[in-house]
Amino acid sequence: MNLAALLSFLFSVLMLPDIVRLPIAYLLPAVAYLLLFNFFVMYLVCHIRKLAVYTIPPIFFASAITSYFYGVYRIKIDKELLFLLLETTTGEAGEFITTELIIFGAIALLLTSILTYLLKHSSGKFNGKVVAILFIVLLPTTFLLGKYKKNPHVRVVRPITATKYIFPYSVITCIAEFSGQYFENLTQGERESSAKLPSIFIPQKKPLHIIVVIGESARADRFQINGYPRETTPKLIKEKNLINFGGIQSFAAYTRLSVPAMITPATSQHPESTMSSYLGLFKKHGFKTTWISANDRFNSNDTPTTKAIGDVDNSIFRNSLGNVSYGEFYDAMLLTPLQETLVANAQHNQAITLHTRGSHANYAARYPEEFKKFLPDAYDEKMQPQQVSNAYDNSILATDSFLASIIELVRDKNAVVIYSSDHGESLGEEGRFGHGNALAPEQRNVPFFIWYSDDYRKLNETTVDTLKKHVGSSLSHDVFFPWILNLGGILLPDTNQPVLLSVTK
Ligand SMILES: [Zn+2]
(Lines give C-alpha, C1' and ligand atoms only; values in the text may rest on other atoms or scores of the structure.)
Protein backbone atom coordinates (compact mmCIF):
# COMPACT_ATOMS: atom_id res chain seq x y z
CA MET A 1 0.00 0.00 0.00
CA ASN A 2 2.90 2.31 0.82
CA LEU A 3 4.44 1.60 -2.54
CA ALA A 4 1.18 2.42 -4.33
CA ALA A 5 1.05 5.69 -2.40
CA LEU A 6 4.63 6.50 -3.38
CA LEU A 7 3.93 5.74 -7.05
CA SER A 8 0.76 7.79 -6.96
CA PHE A 9 2.71 10.69 -5.48
CA LEU A 10 5.55 10.43 -8.03
CA PHE A 11 3.24 10.28 -11.04
CA SER A 12 1.20 13.18 -9.65
CA VAL A 13 4.36 15.26 -9.18
CA LEU A 14 4.99 14.94 -12.93
CA MET A 15 1.81 16.94 -13.41
CA LEU A 16 3.23 19.93 -11.52
CA PRO A 17 3.42 22.27 -14.56
CA ASP A 18 -0.36 21.93 -14.91
CA ILE A 19 -1.09 21.78 -11.18
CA VAL A 20 0.54 25.17 -10.56
CA ARG A 21 -1.57 26.69 -13.34
CA LEU A 22 -4.83 25.75 -11.60
CA PRO A 23 -6.88 28.49 -9.94
CA ILE A 24 -6.57 28.13 -6.17
CA ALA A 25 -10.24 27.20 -5.65
CA TYR A 26 -9.89 24.12 -7.88
CA LEU A 27 -6.52 23.04 -6.58
CA LEU A 28 -7.44 20.90 -3.60
CA PRO A 29 -10.27 18.79 -5.06
CA ALA A 30 -8.44 18.29 -8.38
CA VAL A 31 -5.17 17.22 -6.75
CA ALA A 32 -7.06 14.96 -4.32
CA TYR A 33 -8.79 13.27 -7.24
CA LEU A 34 -5.49 12.89 -9.12
CA LEU A 35 -3.75 11.30 -6.10
CA LEU A 36 -6.65 8.96 -5.36
CA PHE A 37 -7.07 7.92 -8.96
CA ASN A 38 -3.36 7.20 -9.34
CA PHE A 39 -3.32 5.36 -6.03
CA PHE A 40 -6.24 3.18 -7.06
CA VAL A 41 -4.62 2.20 -10.37
CA MET A 42 -1.17 1.67 -8.83
CA TYR A 43 -2.61 -0.36 -5.98
CA LEU A 44 -4.28 -2.74 -8.43
CA VAL A 45 -1.24 -2.99 -10.72
CA CYS A 46 1.18 -3.56 -7.81
CA HIS A 47 -0.71 -6.69 -6.91
CA ILE A 48 0.00 -8.23 -10.26
CA ARG A 49 3.67 -8.34 -9.31
CA LYS A 50 5.22 -9.49 -12.60
CA LEU A 51 3.27 -6.95 -14.59
CA ALA A 52 4.23 -4.18 -12.17
CA VAL A 53 7.96 -4.97 -12.14
CA TYR A 54 8.25 -4.94 -15.91
CA THR A 55 5.88 -2.12 -16.78
CA ILE A 56 5.91 0.53 -14.06
CA PRO A 57 9.65 1.44 -14.08
CA PRO A 58 9.96 1.98 -17.87
CA ILE A 59 6.63 3.81 -17.99
CA PHE A 60 7.72 5.99 -15.10
CA PHE A 61 11.00 6.85 -16.83
CA ALA A 62 9.24 7.60 -20.15
CA SER A 63 6.66 9.73 -18.32
CA ALA A 64 9.35 11.66 -16.45
CA ILE A 65 11.31 12.53 -19.60
CA THR A 66 8.11 13.46 -21.45
CA SER A 67 7.02 15.61 -18.51
CA TYR A 68 10.30 17.52 -18.78
CA PHE A 69 9.64 18.43 -22.42
CA TYR A 70 6.02 19.14 -21.68
CA GLY A 71 6.89 21.32 -18.70
CA VAL A 72 9.66 23.27 -20.40
CA TYR A 73 8.60 23.50 -24.04
CA ARG A 74 4.87 22.73 -23.66
CA ILE A 75 5.17 20.02 -26.32
CA LYS A 76 1.92 18.11 -26.67
CA ILE A 77 2.12 14.38 -26.01
CA ASP A 78 0.57 12.18 -28.67
CA LYS A 79 1.47 9.52 -31.21
CA GLU A 80 2.73 12.13 -33.68
CA LEU A 81 5.31 13.19 -31.12
CA LEU A 82 6.72 9.66 -31.04
CA PHE A 83 6.91 9.62 -34.84
CA LEU A 84 8.69 12.92 -34.62
CA LEU A 85 11.24 11.44 -32.21
CA LEU A 86 11.69 8.42 -34.44
CA GLU A 87 12.33 10.58 -37.49
CA THR A 88 14.36 13.19 -35.67
CA THR A 89 17.98 13.29 -36.57
CA THR A 90 20.55 13.13 -33.80
CA GLY A 91 21.51 16.69 -34.69
CA GLU A 92 17.99 17.97 -34.17
CA ALA A 93 17.67 16.12 -30.88
CA GLY A 94 21.06 17.46 -29.78
CA GLU A 95 19.68 20.98 -29.79
CA PHE A 96 17.41 20.05 -26.89
CA ILE A 97 19.97 18.24 -24.74
CA THR A 98 20.88 20.70 -22.02
CA THR A 99 22.59 20.33 -18.64
CA GLU A 100 19.19 20.64 -16.98
CA LEU A 101 17.82 17.76 -19.05
CA ILE A 102 20.82 15.57 -18.17
CA ILE A 103 20.39 16.28 -14.44
CA PHE A 104 16.65 15.69 -14.69
CA GLY A 105 17.25 12.45 -16.63
CA ALA A 106 19.76 11.24 -14.04
CA ILE A 107 17.30 11.85 -11.19
CA ALA A 108 14.56 10.09 -13.15
CA LEU A 109 16.86 7.14 -13.75
CA LEU A 110 17.76 6.94 -10.07
CA LEU A 111 14.09 7.00 -9.06
CA THR A 112 13.34 4.36 -11.69
CA SER A 113 16.02 2.06 -10.22
CA ILE A 114 14.68 2.58 -6.70
CA LEU A 115 11.17 1.80 -7.91
CA THR A 116 12.36 -1.37 -9.63
CA TYR A 117 14.04 -2.49 -6.40
CA LEU A 118 10.99 -1.70 -4.28
CA LEU A 119 8.63 -3.42 -6.68
CA LYS A 120 10.76 -6.57 -6.70
CA HIS A 121 10.96 -6.72 -2.94
CA SER A 122 7.57 -5.43 -1.94
CA SER A 123 5.13 -7.51 0.01
CA GLY A 124 1.78 -6.76 1.45
CA LYS A 125 -1.69 -8.13 1.53
CA PHE A 126 -4.32 -7.15 -0.91
CA ASN A 127 -6.91 -5.15 0.97
CA GLY A 128 -10.25 -5.57 -0.76
CA LYS A 129 -11.89 -2.95 1.44
CA VAL A 130 -9.53 -0.21 0.26
CA VAL A 131 -10.27 -1.10 -3.34
CA ALA A 132 -14.00 -1.18 -2.72
CA ILE A 133 -14.07 2.21 -0.98
CA LEU A 134 -11.95 3.87 -3.65
CA PHE A 135 -14.06 2.28 -6.33
CA ILE A 136 -17.24 3.70 -4.82
CA VAL A 137 -15.71 7.17 -4.55
CA LEU A 138 -13.90 7.26 -7.88
CA LEU A 139 -16.40 5.60 -10.19
CA PRO A 140 -19.13 8.28 -10.05
CA THR A 141 -16.57 11.13 -9.98
CA THR A 142 -14.72 9.80 -13.04
CA PHE A 143 -18.02 9.18 -14.80
CA LEU A 144 -19.26 12.71 -14.11
CA LEU A 145 -15.95 14.32 -15.11
CA GLY A 146 -16.15 12.50 -18.43
CA LYS A 147 -19.83 13.17 -19.04
CA TYR A 148 -19.58 16.89 -18.28
CA LYS A 149 -16.18 17.50 -19.82
CA LYS A 150 -17.48 20.59 -21.59
CA ASN A 151 -18.73 22.19 -18.39
CA PRO A 152 -16.62 25.29 -17.67
CA HIS A 153 -15.63 24.08 -14.17
CA VAL A 154 -14.68 20.62 -15.43
CA ARG A 155 -12.66 22.17 -18.26
CA VAL A 156 -10.49 23.99 -15.75
CA VAL A 157 -9.46 20.78 -14.01
CA ARG A 158 -9.27 18.55 -17.10
CA PRO A 159 -5.52 19.05 -17.60
CA ILE A 160 -4.93 17.10 -14.39
CA THR A 161 -8.01 14.85 -14.28
CA ALA A 162 -8.51 13.51 -17.82
CA THR A 163 -6.48 10.36 -18.51
CA LYS A 164 -5.87 11.76 -22.01
CA TYR A 165 -3.52 14.32 -20.42
CA ILE A 166 -2.20 12.83 -17.20
CA PHE A 167 0.81 10.61 -16.62
CA PRO A 168 1.26 7.72 -17.07
CA TYR A 169 -1.97 7.13 -19.01
CA SER A 170 -1.23 9.74 -21.68
CA VAL A 171 2.10 8.03 -22.39
CA ILE A 172 0.52 4.58 -22.51
CA THR A 173 -2.23 5.71 -24.90
CA CYS A 174 0.32 7.46 -27.05
CA ILE A 175 2.58 4.38 -27.25
CA ALA A 176 -0.42 2.19 -28.14
CA GLU A 177 -1.65 4.54 -30.87
CA PHE A 178 1.88 4.96 -32.20
CA SER A 179 2.41 1.19 -32.45
CA GLY A 180 -0.86 0.74 -34.32
CA GLN A 181 -0.03 3.46 -36.80
CA TYR A 182 3.58 2.27 -37.15
CA PHE A 183 2.53 -1.22 -38.23
CA GLU A 184 -0.08 0.20 -40.54
CA ASN A 185 2.63 2.31 -42.22
CA LEU A 186 4.92 -0.72 -42.51
CA THR A 187 2.33 -2.72 -44.37
CA GLN A 188 1.44 0.16 -46.68
CA GLY A 189 2.70 -0.23 -50.24
CA GLU A 190 4.41 2.34 -52.45
CA ARG A 191 2.48 5.44 -53.38
CA GLU A 192 0.88 5.51 -56.80
CA SER A 193 2.52 8.03 -59.17
CA SER A 194 0.64 11.26 -59.75
CA ALA A 195 1.60 10.82 -63.42
CA LYS A 196 -1.39 8.49 -63.67
CA LEU A 197 -3.78 11.42 -63.31
CA PRO A 198 -5.28 12.58 -66.61
CA SER A 199 -3.57 15.83 -67.60
CA ILE A 200 -3.14 18.29 -70.46
CA PHE A 201 0.01 20.32 -71.01
CA ILE A 202 0.11 23.80 -72.56
CA PRO A 203 3.71 24.30 -73.77
CA GLN A 204 5.63 27.51 -73.06
CA LYS A 205 7.58 29.53 -75.62
CA LYS A 206 10.58 29.78 -73.31
CA PRO A 207 11.99 27.29 -70.77
CA LEU A 208 9.86 27.60 -67.64
CA HIS A 209 11.21 27.34 -64.09
CA ILE A 210 8.75 26.50 -61.34
CA ILE A 211 10.26 26.75 -57.88
CA VAL A 212 8.21 25.69 -54.86
CA VAL A 213 9.53 26.54 -51.41
CA ILE A 214 7.98 24.69 -48.49
CA GLY A 215 8.44 26.69 -45.30
CA GLU A 216 8.66 25.17 -41.84
CA SER A 217 6.70 26.31 -38.77
CA ALA A 218 6.21 29.78 -40.29
CA ARG A 219 3.04 31.53 -39.19
CA ALA A 220 1.43 34.13 -41.42
CA ASP A 221 0.99 36.87 -38.84
CA ARG A 222 4.74 37.18 -38.22
CA PHE A 223 5.35 38.30 -41.82
CA GLN A 224 5.64 42.04 -42.28
CA ILE A 225 3.94 41.65 -45.70
CA ASN A 226 0.88 40.42 -43.77
CA GLY A 227 0.75 43.45 -41.53
CA TYR A 228 3.15 42.46 -38.75
CA PRO A 229 4.56 45.73 -37.38
CA ARG A 230 8.16 44.46 -37.17
CA GLU A 231 10.35 44.53 -40.27
CA THR A 232 10.58 40.77 -40.74
CA THR A 233 10.24 40.74 -44.54
CA PRO A 234 12.03 43.91 -45.69
CA LYS A 235 13.11 42.32 -48.98
CA LEU A 236 9.88 40.64 -50.02
CA ILE A 237 7.88 43.78 -49.32
CA LYS A 238 9.76 45.50 -52.14
CA GLU A 239 8.93 42.84 -54.75
CA LYS A 240 6.32 44.30 -57.07
CA ASN A 241 5.57 40.96 -58.77
CA LEU A 242 4.58 39.26 -55.53
CA ILE A 243 0.98 38.14 -55.20
CA ASN A 244 0.29 37.71 -51.51
CA PHE A 245 -2.68 35.64 -50.33
CA GLY A 246 -2.08 36.48 -46.66
CA GLY A 247 -2.74 33.72 -44.15
CA ILE A 248 -4.24 30.47 -45.42
CA GLN A 249 -5.34 27.28 -43.63
CA SER A 250 -2.86 24.38 -43.43
CA PHE A 251 -3.92 20.73 -43.64
CA ALA A 252 -2.41 19.84 -40.29
CA ALA A 253 -0.15 21.02 -37.48
CA TYR A 254 2.62 18.44 -38.05
CA THR A 255 5.21 18.28 -40.82
CA ARG A 256 4.77 14.55 -41.28
CA LEU A 257 1.07 14.99 -42.02
CA SER A 258 1.10 18.39 -43.65
CA VAL A 259 3.90 18.21 -46.23
CA PRO A 260 2.80 14.89 -47.83
CA ALA A 261 -0.75 16.30 -48.08
CA MET A 262 0.45 19.60 -49.59
CA ILE A 263 2.48 18.00 -52.39
CA THR A 264 -0.05 15.32 -53.34
CA PRO A 265 -3.68 15.53 -54.53
CA ALA A 266 -5.02 15.57 -50.99
CA THR A 267 -7.93 17.73 -49.84
CA SER A 268 -9.03 18.95 -46.42
CA GLN A 269 -11.82 16.36 -46.58
CA HIS A 270 -9.41 13.58 -47.62
CA PRO A 271 -5.95 14.60 -46.40
CA GLU A 272 -4.56 11.06 -46.65
CA SER A 273 -3.69 10.94 -50.34
CA THR A 274 -2.00 7.74 -51.52
CA MET A 275 -0.41 9.36 -54.58
CA SER A 276 3.08 10.77 -55.03
CA SER A 277 3.91 14.46 -55.42
CA TYR A 278 3.09 16.86 -58.28
CA LEU A 279 6.66 16.32 -59.51
CA GLY A 280 5.45 13.05 -61.08
CA LEU A 281 3.09 15.00 -63.34
CA PHE A 282 5.78 17.56 -64.18
CA LYS A 283 8.12 14.73 -65.13
CA LYS A 284 5.43 13.15 -67.29
CA HIS A 285 5.25 16.39 -69.30
CA GLY A 286 8.98 16.60 -69.86
CA PHE A 287 10.05 18.85 -66.98
CA LYS A 288 13.36 18.17 -65.25
CA THR A 289 12.34 17.51 -61.65
CA THR A 290 14.42 18.14 -58.54
CA TRP A 291 13.77 17.89 -54.81
CA ILE A 292 16.22 19.78 -52.59
CA SER A 293 15.81 19.31 -48.87
CA ALA A 294 17.31 20.84 -45.74
CA ASN A 295 16.32 17.62 -44.01
CA ASP A 296 18.19 14.36 -44.01
CA ARG A 297 17.49 11.26 -45.98
CA PHE A 298 17.33 8.08 -43.96
CA ASN A 299 18.16 4.75 -45.52
CA SER A 300 15.57 2.85 -43.59
CA ASN A 301 12.42 4.25 -42.07
CA ASP A 302 12.26 7.32 -44.26
CA THR A 303 9.97 10.19 -43.37
CA PRO A 304 6.46 10.32 -44.85
CA THR A 305 7.58 13.39 -46.82
CA THR A 306 10.46 11.56 -48.51
CA LYS A 307 8.13 8.67 -49.30
CA ALA A 308 5.63 11.06 -50.89
CA ILE A 309 8.08 12.73 -53.29
CA GLY A 310 7.88 9.88 -55.79
CA ASP A 311 10.05 9.47 -58.88
CA VAL A 312 12.18 12.56 -59.61
CA ASP A 313 15.23 13.20 -61.81
CA ASN A 314 17.35 14.40 -58.94
CA SER A 315 16.98 14.56 -55.18
CA ILE A 316 19.42 16.29 -52.89
CA PHE A 317 19.25 15.97 -49.10
CA ARG A 318 21.12 17.87 -46.42
CA ASN A 319 23.27 14.92 -45.42
CA SER A 320 24.61 14.68 -48.98
CA LEU A 321 25.65 18.35 -48.98
CA GLY A 322 29.17 18.22 -47.55
CA ASN A 323 30.31 18.34 -43.98
CA VAL A 324 28.20 21.03 -42.34
CA SER A 325 26.83 19.79 -39.04
CA TYR A 326 23.10 19.77 -38.47
CA GLY A 327 23.20 22.66 -36.01
CA GLU A 328 25.19 24.87 -38.35
CA PHE A 329 23.08 24.24 -41.41
CA TYR A 330 20.98 27.14 -42.66
CA ASP A 331 18.41 27.19 -45.46
CA ALA A 332 20.65 29.61 -47.37
CA MET A 333 23.00 26.66 -47.94
CA LEU A 334 20.39 25.25 -50.33
CA LEU A 335 21.05 28.14 -52.71
CA THR A 336 24.19 26.57 -54.21
CA PRO A 337 22.54 23.27 -55.22
CA LEU A 338 19.56 25.29 -56.45
CA GLN A 339 21.74 27.48 -58.62
CA GLU A 340 23.62 24.44 -59.98
CA THR A 341 20.32 22.77 -60.85
CA LEU A 342 19.00 25.90 -62.57
CA VAL A 343 22.18 26.17 -64.66
CA ALA A 344 22.35 22.47 -65.52
CA ASN A 345 18.76 22.45 -66.80
CA ALA A 346 18.65 26.02 -68.11
CA GLN A 347 17.41 24.94 -71.54
CA HIS A 348 14.61 22.76 -70.17
CA ASN A 349 11.35 23.30 -68.40
CA GLN A 350 12.04 22.46 -64.79
CA ALA A 351 10.17 22.02 -61.53
CA ILE A 352 12.15 22.30 -58.32
CA THR A 353 10.94 21.95 -54.74
CA LEU A 354 12.94 23.20 -51.78
CA HIS A 355 11.96 21.77 -48.42
CA THR A 356 13.36 24.12 -45.79
CA ARG A 357 13.87 24.18 -42.02
CA GLY A 358 12.60 27.75 -41.86
CA SER A 359 11.41 28.53 -38.33
CA HIS A 360 11.55 25.07 -36.74
CA ALA A 361 12.55 25.05 -33.07
CA ASN A 362 15.23 25.77 -31.99
CA TYR A 363 14.53 29.12 -33.72
CA ALA A 364 17.77 30.72 -32.56
CA ALA A 365 19.75 28.02 -34.40
CA ARG A 366 18.02 28.69 -37.73
CA TYR A 367 19.94 31.83 -38.71
CA PRO A 368 23.51 33.11 -38.74
CA GLU A 369 24.78 36.26 -36.99
CA GLU A 370 23.66 38.68 -39.72
CA PHE A 371 19.98 38.06 -38.91
CA LYS A 372 20.24 38.81 -35.20
CA LYS A 373 18.08 41.88 -35.52
CA PHE A 374 15.48 41.47 -32.76
CA LEU A 375 17.30 41.16 -29.45
CA PRO A 376 17.74 39.59 -26.98
CA ASP A 377 17.02 36.34 -28.78
CA ALA A 378 17.14 32.88 -27.25
CA TYR A 379 15.40 29.55 -27.34
CA ASP A 380 16.49 27.63 -24.28
CA GLU A 381 15.07 25.93 -21.21
CA LYS A 382 14.26 29.31 -19.67
CA MET A 383 11.72 29.87 -22.48
CA GLN A 384 11.41 33.59 -21.85
CA PRO A 385 8.50 34.63 -24.10
CA GLN A 386 10.08 37.82 -25.43
CA GLN A 387 13.42 36.18 -26.23
CA VAL A 388 11.71 33.21 -27.89
CA SER A 389 9.57 35.60 -29.91
CA ASN A 390 12.62 37.63 -30.99
CA ALA A 391 14.44 34.49 -32.10
CA TYR A 392 11.34 33.44 -34.03
CA ASP A 393 11.13 36.81 -35.80
CA ASN A 394 14.81 36.60 -36.70
CA SER A 395 14.13 33.23 -38.33
CA ILE A 396 11.43 34.86 -40.48
CA LEU A 397 13.94 37.56 -41.40
CA ALA A 398 16.32 34.82 -42.58
CA THR A 399 13.48 33.27 -44.61
CA ASP A 400 12.81 36.67 -46.22
CA SER A 401 16.42 36.91 -47.33
CA PHE A 402 16.48 33.28 -48.54
CA LEU A 403 13.37 33.79 -50.68
CA ALA A 404 14.70 37.08 -52.07
CA SER A 405 17.91 35.29 -53.10
CA ILE A 406 15.87 32.62 -54.93
CA ILE A 407 13.91 35.32 -56.75
CA GLU A 408 17.22 36.97 -57.73
CA LEU A 409 18.40 33.71 -59.32
CA VAL A 410 15.43 33.60 -61.70
CA ARG A 411 14.45 37.27 -62.04
CA ASP A 412 15.38 37.49 -65.74
CA LYS A 413 14.03 34.03 -66.60
CA ASN A 414 10.56 32.69 -67.30
CA ALA A 415 9.89 31.71 -63.71
CA VAL A 416 7.51 31.42 -60.77
CA VAL A 417 8.40 31.05 -57.08
CA ILE A 418 5.68 29.69 -54.80
CA TYR A 419 5.96 29.82 -51.02
CA SER A 420 3.88 28.44 -48.17
CA SER A 421 4.63 26.85 -44.83
CA ASP A 422 3.60 23.37 -43.71
CA HIS A 423 1.98 24.65 -40.50
CA GLY A 424 2.28 27.52 -38.05
CA GLU A 425 3.63 27.67 -34.53
CA SER A 426 2.42 28.63 -31.06
CA LEU A 427 4.48 31.28 -29.33
CA GLY A 428 2.90 31.28 -25.89
CA GLU A 429 -0.81 31.51 -26.79
CA GLU A 430 -2.66 30.21 -23.70
CA GLY A 431 0.64 28.76 -22.53
CA ARG A 432 1.18 26.82 -25.77
CA PHE A 433 4.50 26.57 -27.58
CA GLY A 434 5.58 24.66 -30.66
CA HIS A 435 3.18 22.81 -32.94
CA GLY A 436 1.24 19.57 -33.19
CA ASN A 437 -2.08 20.88 -31.92
CA ALA A 438 -4.41 21.04 -34.92
CA LEU A 439 -7.00 22.96 -32.89
CA ALA A 440 -4.69 25.89 -32.17
CA PRO A 441 -5.49 28.53 -34.83
CA GLU A 442 -1.95 30.01 -34.84
CA GLN A 443 -0.62 26.58 -35.80
CA ARG A 444 -2.85 26.40 -38.88
CA ASN A 445 -2.59 29.94 -40.27
CA VAL A 446 0.28 29.90 -42.75
CA PRO A 447 1.70 32.37 -45.28
CA PHE A 448 1.11 31.84 -48.98
CA PHE A 449 2.46 33.98 -51.81
CA ILE A 450 3.56 33.61 -55.40
CA TRP A 451 6.21 35.62 -57.21
CA TYR A 452 6.35 35.72 -61.04
CA SER A 453 9.00 37.14 -63.35
CA ASP A 454 8.27 39.79 -65.98
CA ASP A 455 8.79 37.13 -68.66
CA TYR A 456 6.29 34.82 -67.01
CA ARG A 457 3.71 37.62 -66.93
CA LYS A 458 4.21 38.31 -70.66
CA LEU A 459 3.76 34.64 -71.56
CA ASN A 460 0.98 33.84 -69.04
CA GLU A 461 -1.13 36.93 -68.66
CA THR A 462 -4.38 35.07 -67.99
CA THR A 463 -2.78 32.92 -65.31
CA VAL A 464 -1.35 35.93 -63.48
CA ASP A 465 -4.66 37.81 -63.70
CA THR A 466 -6.54 34.78 -62.38
CA LEU A 467 -4.11 34.48 -59.48
CA LYS A 468 -4.67 38.11 -58.55
CA LYS A 469 -8.43 37.59 -58.45
CA HIS A 470 -7.97 35.18 -55.54
CA VAL A 471 -6.22 37.72 -53.32
CA GLY A 472 -8.41 38.33 -50.28
CA SER A 473 -10.43 35.13 -50.57
CA SER A 474 -10.14 32.57 -47.82
CA LEU A 475 -7.91 29.77 -49.05
CA SER A 476 -6.47 26.52 -47.73
CA HIS A 477 -3.71 24.16 -48.78
CA ASP A 478 -6.32 22.48 -50.98
CA VAL A 479 -5.15 24.84 -53.73
CA PHE A 480 -1.45 24.00 -53.36
CA PHE A 481 -1.26 20.91 -55.60
CA PRO A 482 -3.59 22.02 -58.44
CA TRP A 483 -2.31 25.62 -58.57
CA ILE A 484 1.36 24.61 -58.78
CA LEU A 485 0.55 22.35 -61.73
CA ASN A 486 -1.62 25.02 -63.37
CA LEU A 487 1.19 27.58 -63.01
CA GLY A 488 3.38 25.15 -64.96
CA GLY A 489 0.79 24.86 -67.72
CA ILE A 490 -0.50 21.48 -66.59
CA LEU A 491 -4.28 21.19 -66.44
CA LEU A 492 -6.21 18.47 -64.67
CA PRO A 493 -9.46 17.73 -66.54
CA ASP A 494 -10.88 15.21 -64.05
CA THR A 495 -9.92 16.72 -60.75
CA ASN A 496 -12.32 17.86 -58.06
CA GLN A 497 -9.66 20.02 -56.43
CA PRO A 498 -9.98 23.82 -56.51
CA VAL A 499 -8.02 24.55 -59.71
CA LEU A 500 -6.68 27.89 -60.86
CA LEU A 501 -7.22 27.17 -64.54
CA SER A 502 -9.90 24.81 -65.75
CA VAL A 503 -10.04 22.97 -69.04
CA THR A 504 -12.32 24.71 -71.51
CA LYS A 505 -14.41 22.14 -73.30
ZN1 LIG B 1 6.76 21.34 -39.92
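Colleague: Is S217 buried or exposed?
Modeller: Buried. This is a predicted model, and in it S217 has 0% relative accessibility. The cut-off for buried is under 20%, so S217 counts as buried.

Colleague: Where does S217 sit?
Modeller: In the loop between strand 2 and strand 3.

Colleague: What about phi of M383?
Modeller: That one is positive too, near 45°. M383 is not a glycine either. M383 lies in the loop between strand 6 and helix 15.

Colleague: Is M383 buried or exposed?
Modeller: M383 has 9% relative accessibility, so it counts as buried.

Colleague: Which residues does the cis peptide bond with omega of about 0° join?
Modeller: F167 and P168. P168 is in the loop between helix 9 (152-161) and helix 10 (169-187).

Colleague: Where is N362?
Modeller: In the loop between strand 6 and helix 15 (385-410). M383 is in the loop between strand 6 and helix 15 as well.

Colleague: Strand 6 keeps coming up. How many of its residues are buried?
Modeller: Six of six. Strand 6 covers residues 350-355 and is mostly covered.

Colleague: Which way do the side chains point from strand 6?
Modeller: Q350, I352 and L354 point one way. A351, T353 and H355 point the other way. In a regular strand the side chains alternate between the two faces of the sheet. Here the residues pointing either way are all buried.

Colleague: What does strand 6 pair with, and in which sense?
Modeller: Strand 2 (residues 208-215) joins strand 6 through six bridges, and the two run parallel. Strand 4 (residues 288-293) also pairs with strand 6 in the parallel sense, over six bridges.

Colleague: Now strand 3. What does it pair with?
Modeller: Strand 10 (residues 445-452), antiparallel, with six bridges.

Colleague: How many residues of strand 3 are buried?
Modeller: Six of its eight residues. Strand 3 spans residues 242-249 and is mostly covered.

Colleague: Which residues of helix 11 are buried?
Modeller: T255, R256, S258, V259, P260, A261, M262 and I263. Note that R256 is among them.

Colleague: Over to V479. Where is it found?
Modeller: In the loop between helix 17 (461-469) and helix 18 (480-487). V479 has 5% relative accessibility, so it counts as buried.

Colleague: What is V479 in contact with, leaving aside neighbours within four places in sequence?
Modeller: F448, I484 and P498.

Colleague: How far apart are V479 and Y367?
Modeller: They are 112 residues apart in sequence and 30 Å apart in space, C-alpha to C-alpha.

Colleague: Zoom out. How many helices and strands does the protein have?
Modeller: 18 helices and 11 strands. The radius of gyration is 26 Å, close to the 23 Å from the globule rule for 505 residues, so the protein is as compact as a globular protein of that length. Its C-alpha atoms fill a box of roughly 85 × 50 × 45 Å along the principal axes.

Colleague: What share of the residues is buried?
Modeller: 52% of the 505 residues.

Colleague: And what share of contacts joins residues at least 24 apart?
Modeller: 78%, among contacts between residues at least 6 apart in sequence.

Notes. Residues are numbered from 1 along each chain as its sequence is written. This is a predicted model: local features need pLDDT of at least 70, side-chain atom pairs count only at pLDDT 80 or more; totals for chains, interfaces and linings use all residues. Side-chain values use heavy atoms; hydrogens and water are left out. Helices (H or I, at least four residues) and strands (E, at least two) are DSSP runs, numbered from the N terminus. The radius of gyration is taken over C-alpha atoms; the globule rule is 2.2 Å times the number of residues to the power 0.38. Buried means under 20% relative accessible area, exposed over 50%, partly exposed in between (1.4 Å probe, protein chains only). Contact means heavy atoms within 4.5 Å. Two strands pair if DSSP finds at least two bridges between them.
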